[in-house]
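Here's a quick tour of a single protein chain. Have a look at the fold first, then read on.

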Amino acid sequence: MSSSPRSPVLLVHQYARNESWVVAAEGELDAETLAPLKQALEEAAAIREIVVFDASAVPFADSSTLNLLLQIHRRTTLRIAGAQPQLLRVLEITGADMALALFPNLTDACKAPAS
């Protein structure tokens, strides 16, 4: 019995927390799954001063994710919360960890003062 390939699914949730707008993703991020996150982050960046990307439920992210995060960073105050080891590694290898605001968890990202 052959099984059909599973469609990649990415869940995106958005909500206000403190002075921040949180965009949380659940699932793997690559060129095939990135569209819902891209839309949510772009919409938030257009109207919010502080956008927090909750990456705590993202076990994998590729270079398309990195590109998106850098684009959003140029448009608003972007904070990345709870990045898993694989995403942290991508950010470190590319030097993006020096440009992006990384926080160990959502609580810290949302309570940090606006810069």
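What follows goes from the overall fold to one hairpin, and then to surface and charge.

## Overall fold

Keep in mind that this is a predicted model. The protein chain has four helices and five strands. If you walk along the sequence, the order comes out as β-β-α-β-α-β-α-β-α. The radius of gyration is 14 Å, close to the 13 Å that the globule rule gives for 115 residues, so the chain is as compact as a globular protein of that length.

As for its extent, the C-alpha trace covers about 55 × 30 × 25 Å along its principal axes.

Strand β1 takes in residues 11–17 and strand β2 residues 20–26; the two run antiparallel, with seven bridges joining them. To pick out one of the pairings, Q14 has V23 in β2 as its bridge partner.

Together β1 and β2 make a hairpin, with two residues between the strands. Check out N18 in that turn: its phi is positive, at about 55 degrees.

## Packing and contacts

How much of the chain is buried? Of the 115 residues, 40% count as buried. Now take the contacts between residues at least 6 apart in sequence: 70% of them join residues at least 24 apart.

## Surface and charge

Technical notes: Residues numbered from 1 in each chain as written. Predicted model: local features only at pLDDT ≥ 70, side-chain atom pairs only at ≥ 80, totals over all residues. Heavy atoms only, no water. Pairing = 2+ DSSP bridges. Rg over C-alpha atoms; globule rule 2.2 N^0.38 Å. Buried < 20%, exposed > 50% of the residue type's maximum accessible area, 1.4 Å probe, protein only. Contact = heavy atoms within 4.5 Å.
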